Amino acid sequence: QWSPMDSEQSVNFDEKSRIAIAAAKLCQPGQSIVINCGSTAFLLGQHLCGMDVQVITNYFPLASYLIEHQHERVLVIGGQYHRDQSIMLGAQDELSGIYTGDWMFTSGKGLTEDGLYKIDMLTAMAEQKMLANVGKLVALVDSSKIGQRGGVLFSKAEQMEVDPSPISTHAMRATAIGCSI
């Protein structure tokens, strides 16, 4: 079974690493950063570890890593632990309004000109409730996910930005990281 700690074994590791480095460069000292689950998200968290940013996450492996490596500001979103995705999901109607961030980094099944797709509906719904409370949404998507669709349309393309114009198919293909950065 794959673990984020084995991220070098993941598909497209070099590309995901470049995406994580580019995403980390978007984050400024003092900002609050929401990071959801996935191998690229974990790599992003590793790059942010030790920086003066608050990391908000429901991704248990990332929270554990940051705490173990003594990152100063980690806010763990609570709830029931879902082993298959290593995340915690809680009663979102009560929790969704209390977490805010300058950036939200998330992943998905695929990214098309329509937007970002996710497989798990519960995860998508939990993350969608937080969207109203974050400054910008960034999809951490490697080239294998560009043009793929399936599951739930999590976010329409116009809700995501590429410094700062809406994403386009050309921009998605020109940058190996999908939308943003």
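Predicted model: local features only at pLDDT ≥ 70, side-chain atom pairs only at ≥ 80, totals over all residues.
**Entry 1: the whole chain**

I began with the totals. The protein has 181 residues, and 49% of them are buried. I found six helices and 12 strands in its secondary structure. I then looked at contacts between residues at least 6 apart in sequence, and 60% of these join residues at least 24 apart.

**Entry 2: helix α2 by itself**

I turned to α2, which runs over residues 39-48. Eight of its 10 residues are buried, so I noted α2 as largely enclosed by the rest of the structure. I listed the buried ones as S39, T40, A41, F42, L43, L44, G45 and L48. What do these buried residues of α2 pack against? I found α1 (13-26), β1 (32-35), α3 and β6 (101-106). After α2 comes G50, and I read a positive phi for G50, near 95°.

**Entry 3: α1 against α2**

I took the two helix neighbours of α2 in turn, starting with α1. The axes of α1 and α2 come within 8 Å and cross at roughly 50°. The two helices are therefore oblique to each other. I noted the crossing of α1 past α2 as right-handed. On the α1 side, the contact is made by F13, K16, S17, I19, A20, I21, A23 and A24. On the α2 side I wrote down S39, T40, L43, L44, H47 and L48. Sorted by class, this contact has nine nonpolar residues, four polar and one charged.

An α-helix has 3.6 residues a turn, so residues three or four places apart point the same way.

**Entry 4: α2 against α3**

Next I looked at α3, residues 60-68. The axes of α2 and α3 come within 10 Å, and I read a crossing angle of roughly 15°. That angle makes α2 roughly parallel to α3, because anything under 35 degrees counts as such. Here too I noted a right-handed crossing, of α2 past α3. Which residues make the contact? From α2 they are A41, F42, G45 and Q46, and from α3 they are P61, L62, Y65 and L66. By class I have six nonpolar and two polar residues in this contact of α2 with α3, with no charged ones.

I also checked the burial of α3. Its buried residues are P61, L62, A63, Y65 and L66. The cover over them includes β1, α2, β2 (54-57) and β3 (74-76). Just after α3, I noted that Q70 takes a positive phi of about 60°.

**Entry 5: aromatic pairs**

How many aromatic pairs does the structure hold? I found two. One is formed by F42 and Y65, edge-to-face, at 5.4 Å centre to centre with 70° between the planes. F42 lies in helix α2 and Y65 in helix α3, so this pair ties together parts that are 23 residues apart in sequence. I looked up burial for both members. F42 is buried, at 0% relative accessible area, and Y65 counts as buried at 14% relative accessibility.

The other pair is W103 with F105. Their ring centres are 6.0 Å apart and their planes are at 20°, so I recorded the pair as stacked. W103 and F105 are both buried.

**Entry 6: D102**

I then looked up D102, which lies in strand β6. Setting aside neighbours within four places in sequence, D102 is in contact with Q31, S32, G135 and K136. I also checked D102 against Q54, 48 residues apart along the chain, and their C-alpha atoms are separated by 10.0 Å.

**Entry 7: F154**

F154 is buried, with a relative accessible area of 3%. Not counting residues up to four places away in sequence, I found F154 touching T106, L116, Y117, K118, A124, E127, Q128, L131 and L137. From F154 to D120 I have 34 residues in sequence and 9.8 Å in space, C-alpha to C-alpha.

Note on methods:
Residues numbered from 1 in each chain as written. Heavy atoms only, no water. Axes fitted to C-alpha atoms, helices over the stretch in contact; angles between N-to-C directions. Helix = DSSP H or I, 4+ residues; strand = E, 2+ residues; numbered from the N terminus. Parallel < 35°, antiparallel > 145°, perpendicular 65-115°, else oblique. Left-handed = near helix turned anticlockwise from the far one by under 90°. Contact = heavy atoms within 4.5 Å. Nonpolar A, V, L, I, M, F, W, Y, C, P; charged D, E, K, R; others polar. Phe/Tyr/Trp six-rings, centres within 6.5 Å; stacked < 30°, edge-to-face > 60°. Buried < 20%, exposed > 50% of the residue type's maximum accessible area, 1.4 Å probe, protein only.
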